[in-house]
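Please keep the sequence and the coordinates at hand while reading.

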Amino acid sequence: MTVRTVGVEEEFLLLDPDSGRPSAVGGVVLRRADDDGPELTAELHAEQLETGTDPARTLDELDRGLRAARAAAASAAATAGTVPAAIATSPLPAEPTLSDGPRYCRMAERFGITVAESLTCGCHVHVAVSSDEEAVAALDRVRPWLAPLLALTANSPLWQGEDSGYSAYRQQVWSRWPSAGPTPAFGSVATYRETVETMVRSGTVLDEGMVYFDVRPSAQHPTLEIRVADVCRDPADAVLLAALARALVETAVRSWRAGEPAPQARVEVLRLASWRAARSGLDGSLLDPRTWRPAPAPDVLDLLLRHVGDALDEAGDTATVKSLLADVQSRGTGAVAQRAVLARGGDLRDVALSATL
């Protein structure tokens with residue numbers, strides 16, 4: 001078996017190292033970045049920076065790429081007197097600054113306060129696919145398993161200076177975009193393309209790049225892009241996310257090739273599953289993708305491992321994934337780490353700076 005390549009994009013907040021507040025220096029950071037290092041790009045707000053890894057076949061290679069990209073982000077941010085933080089929402093109140101560019105201005109004009117309140121950082125996994133048909137078939141079949149990935153990466157409990165009550169409040173913020181969230185099964189490339197074209201022709205989203213489905217075929221790369229996760233506090237968690245995402249895609253493609261129908265999970269139920277994952281992360285119940293009834297998070301994760309077991313085995317990832325999963329279950333998610341800083345007597349500044357690269 002040829003193992004699919006996998007790459008990861010991570011978004012970070014640029015923080016003032018004294019106050020811990022987001023700092024609108026993204027443009028400065030990019031102008032001063034090393035052209036020979038890992039690629040750094042702008043995001044919607046000037047308080048953000050995005051990195052991306054090259055496609056990797058092994059988890060060790062991916063881990064090295066993630067750490068190199070984070071190091072490049074830290075080095076570039078330092079030239080503007082800031083530090084990048086692997087945190088999905090700002091613990092401290094923030095008034096984001098729109099990045100330069102006509103597209104971002106058009107977004108602000110059309111979507112108003114949704115743009116102003118969208119200072120969030122995610123982690124997107126790109127898994128190689130061989131065709132559009134394969135991409136849509138995998139999209140249709142991975143949908144029930146995305147909520148557990150969100151639970152594993154929950155890293156946004158604080159919002160505008162307060163505890164949101166969620167482990168991944170970013171999901172709540174992100175869901176305000178009209179094109180965001182889960183989808184029904186499309187069944188064919190033609191139906192997927194027709195849906196996207198209809199969305200663009202509606203005049204609501206600006207272009208295909210604003211089709212913010214939880215999982216979508218990439219418009220730039222021959223990949224399926226899984227977009228549900230918070231940016232991970234620990235790069236090892238991003239490796240775990242990527243390994244599981246790759247195994248889900250491989251498992252889905254095998255099911256499609258075997259002529260097995262895609263699960264007909266309704267969007268309404270997928271939204272409930274996502275909400276449950278965002279609310280409690282790994283510290284409560286998730287929805288069992290077989291029954292859509294609540295089950296302890298460890299049980300749902302065990303189901304996920306069994307579901308993708310063959311793909312993990314054949315990629316040589318099983319031992320690493322089990323070790324990384326046991327680690328995050330033992331120490332807790334990024335949300336747990338953030339709340340632990342407060343429980344130890346720290347303040348919101350301490351929380352923000354505890355996540356710096």
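In which loop does Trp292 lie? In this model, which is predicted rather than determined by experiment, Trp292 belongs to the loop between β10 (285–287) and β11 (294–296). Its phi is positive, at about 60 degrees, although Trp292 is not a glycine, and with a relative accessibility of 23% the residue counts as partly exposed.

Gln160 is another residue other than glycine with a positive phi, in this case near 50 degrees. Gln160 is placed in the loop between β6 and β7 (162–163), and its relative accessible area of 37% makes it partly exposed. A positive phi is also found at a glycine, Gly345, which comes just after α14 and has a value of about 100 degrees.

## Helix α14 and its buried face

Helix α14 spans residues 334–343, and the residues Gly334, Ala335, Gln338 and Val341 within it are buried. When the helix is viewed down its axis, these buried residues fall within an arc of 120 degrees, so they line one face of α14. The packing partners of the buried residues of α14 are β6 (158–159) and α15 (348–353).

## The largest pocket

The largest pocket holds about 1,100 Å³ of space. It is lined by 46 residues, and those closest to its centre are Glu9, Glu50, Arg216, Gln220 and Glu225. Sorted by class, the lining of this pocket consists of 16 nonpolar, 18 polar and 12 charged residues.

Two or more lining residues are given by each of the strands β1 (6–15), β3 (48–52), β5 (122–128), β8 (215–217) and β9 (223–230), and likewise by the helices α3 (102–111) and α7 (169–174). The element that gives the most to this lining is β1, with five residues.

## Cavities

Three cavities of 30 Å³ or more are counted in the model, and the largest cavity has about 120 Å³ of space. The lining of the largest cavity is made up of 14 residues, of which Arg143, Leu146, Pro182, Asp214 and Leu270 lie nearest its centre. By class, nine of the lining residues are nonpolar, three are polar and two are charged.

Helices α6 (146–152) and α10 (267–280) each supply at least two residues of this lining, and the largest share, three residues, comes from α10.

Trp275 is partly exposed, with a relative accessible area of 35%, and, when residues up to four places away in sequence are not counted, it touches Tyr166, Gln171 and Gln172. Although Trp275 and Leu150 are 125 residues apart in sequence, their C-alpha atoms are 9.6 Å apart in space.

Is Gln48 buried or exposed? At a relative accessibility of 3%, Gln48 counts as buried. Once its neighbours within four places in sequence are left aside, Gln48 is in contact with Glu11, Phe12, Leu13, Leu14, Gly26, Glu43, Leu119, Thr120 and Cys121.

Cys121, one of the contacts of Gln48, is buried, with a relative accessible area of 0%.

Cys123 is in no disulfide either, its nearest cysteine sulfur being that of Cys232, at 4.8 Å, whereas a disulfide needs two cysteine sulfur atoms within 2.5 Å. Cys123 is likewise buried, with a relative accessible area of 1%. For the model, the count comes to zero disulfides.

Note on methods:
Residues numbered from 1 in each chain as written. Predicted model: local features only at pLDDT ≥ 70, side-chain atom pairs only at ≥ 80, totals over all residues. Heavy atoms only, no water. Buried < 20%, exposed > 50% of the residue type's maximum accessible area, 1.4 Å probe, protein only. 1 Å grid on protein atoms, 1.4 Å probe; cavity = no way out; pocket = protein on both sides within 12 Å on 5 of 7 lines; lining within 4 Å. Points joined across faces, edges and corners; volume = space filled by probe spheres on them. Helix = DSSP H or I, 4+ residues; strand = E, 2+ residues; numbered from the N terminus. Nonpolar A, V, L, I, M, F, W, Y, C, P; charged D, E, K, R; others polar. Arc of directions from axis to C-beta. Contact = heavy atoms within 4.5 Å.
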